[in-house]
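Hi,

Here is the structure I said I would pass on. Have a look at it first, and then read my notes below.

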Amino acid sequence: MKITYVTLFKNLIDYYFHDSILKIAKEKELFEIDYKNPRDYTTDKHNRVDDYKQGGGAGMVMTPQPLFDLLGEIKEKNPQAKIIFPVPAGKPFRQNDSVRLAKQEHLVFVSGRYEGIDERVIETYADEVFSIGDYVLTGGELPSLVMSDAILRNIEGVLGNNESLEEESFNTDLLEAPSFAKPYDFRSILSVSENLKGNHANIRSQNLKMAQLKTKYFRPDLV
Ligand code: ADE
């Protein structure tokens with residue numbers, strides 16, 4: 001898997017891969033990443049990549065020319081590349097999208113800044129348009145990272161232990177049951193008794209009950 005980040009602010013993304021699980025997975029070459037900056041593609045004599053909104057209104061919009069040239073180049077080199085736009089008005093990004101997209105060879109995340117991206121770029125190049133939630137962020141970099149993280153952990157070897165993927169929230173219609181580390185009694189706050197007894201059938205049925213209760217409480221819309 002290769003991920004290309006189209007962004008004006010590469011550092012916002014790059015540091016995420018400097019630590020922890022994704023750093024190790026990247027070193028093992030389970031995936032690779034690269035960056036493209038729209039500013040390197042602008043033909044504007046002042047190197048601008050944004051302009052006033054047509055029809056007026058507050059804020060600037062990313063202009064079509066640099067992104068058309070940049071994304072056109074990517075598509076010419078690899079017509080199979082899947083181009084993804086994170087925008088607040090997109091389709092909600094879900095776990096099944098992360099599982100599906102983990103099977104792709106090349107993903108391209110296009111991060112908007114300012115008031116967004118000229119809609120003609122999205123209309124022409126988007127394979128997918130996603131929102132990560134009903135709130136507005138200052139740009140597409142965090143949503144690109146959120147989706148990348150959710151996608152990459154589905155690639156074999158990334159988590160180191162594939163079992164962790166099996167009983168997760170959202171892989172079924174239930175949220176994941178709560179987890180407890182040792183000790184059983186921590187400052188008089190008790191964890192769950194069946195977990196101590198090694199009876200796997202009991203543990204499974206207790207986990208199922210806890211998962212059902214948790215789902216009903218936090219996400220009644222899933223029940
Ligand atoms: N860009 C800004 N806010 C966003 C959101 N909530 N989801 C995806 N992209 C965004």
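This is a predicted model: local features need pLDDT of at least 70, side-chain atom pairs count only at pLDDT 80 or more; totals for chains, interfaces and linings use all residues.

Asn47, for example, has a relative accessible area of 40%, so Asn47 is partly exposed.

Residues are numbered from 1 along each chain as its sequence is written, and side-chain values use heavy atoms, with hydrogens and water left out.

**The ligand**

Which residues surround the ligand? They are Pro86, Val87, Pro88, Phe130, Ser131, Ile132, Gly133, Tyr135, Val136, Leu137, Gly139 and Pro143. To be near a molecule, a residue needs a heavy atom within 4 Å of it. By type, this shell has nine nonpolar residues, three polar ones and no charged ones. Here Ala, Val, Leu, Ile, Met, Phe, Trp, Tyr, Cys and Pro count as nonpolar, Asp, Glu, Lys and Arg as charged, and the others, Gly among them, as polar.

Strands S5 (82–92) and S7 (128–131) each supply at least two residues of the shell, and S5 has the largest share, with three. Strands (E, at least two residues) and helices (H or I, at least four) are DSSP runs, numbered from the N terminus.

Now for the polar contacts, meaning pairs of N or O atoms within 3.5 Å; within protein, one must be able to donate a hydrogen and the other to accept it, and residues adjacent in sequence count only if both atoms are side-chain atoms. A nitrogen atom of the ligand lies 3.4 Å from a backbone N or O atom of Pro86. For Val87, a polar backbone atom is 3.2 Å from a ligand nitrogen. For Leu137, a backbone N or O atom is 3.0 Å from a nitrogen of the ligand. On its own the ligand has 260 Å² of accessible area, and the protein covers 96% of that. Those areas come from the Shrake-Rupley method with a 1.4 Å probe; for residues, only the protein chains shown count as cover.

One shell member deserves a second look. Val136 sits in the loop between S7 and H6, and its relative accessible area is 69%, so Val136 is exposed. Val136 and Pro88 are 48 residues apart in sequence, yet their C-alpha atoms are 6.1 Å apart in space.

**The cores**

In soluble globular proteins, nonpolar side chains tend to be buried together. A nonpolar core is a set of buried Ala, Val, Leu, Ile, Met, Phe, Trp, Tyr and Cys residues joined through side-chain atoms within 4.5 Å. The largest one here has 23 residues, and Tyr5, Phe17 and Phe109 have the most contacts inside it. Strand S1 (2–6), helix H2 (20–27), strand S2 (32–36), strand S6 (106–110) and helix H6 (141–152) each supply at least two residues of this core. H6 gives the most, with five. There is also a second, separate core of 18 residues, including Val6, Leu8, Met62 and Val110.

What does Phe109 touch, leaving aside neighbours within four places in sequence? Its contacts (heavy atoms within 4.5 Å) are Ile3, Thr4, Tyr5, Val6, Ile84, Ser144, Met147, Ser148 and Ile151.

**Two buried residues**

Ser148 lies in helix H6. Its relative accessible area is 1%, so Ser148 is buried. The side chain of Ser148 reaches the backbone oxygen of Ser144 at 2.6 Å.

Asp97, in helix H4 (residues 95–101), is buried too, at 5% relative accessibility. Its side chain makes a polar contact of 2.9 Å with the side chain of Arg100. Beyond four places in sequence, Asp97 is in contact with Lys91, Pro92 and Phe130.

Ser20, which is not a glycine either, has a positive phi of about 65°. Ser20 is in helix H2 and is exposed at 53% relative accessible area. Lastly, a cis peptide bond joins Lys182 and Pro183, with omega about 0°.

Cheers

Notes:
Buried means under 20% relative accessible area, exposed over 50%, partly exposed in between (1.4 Å probe, protein chains only).
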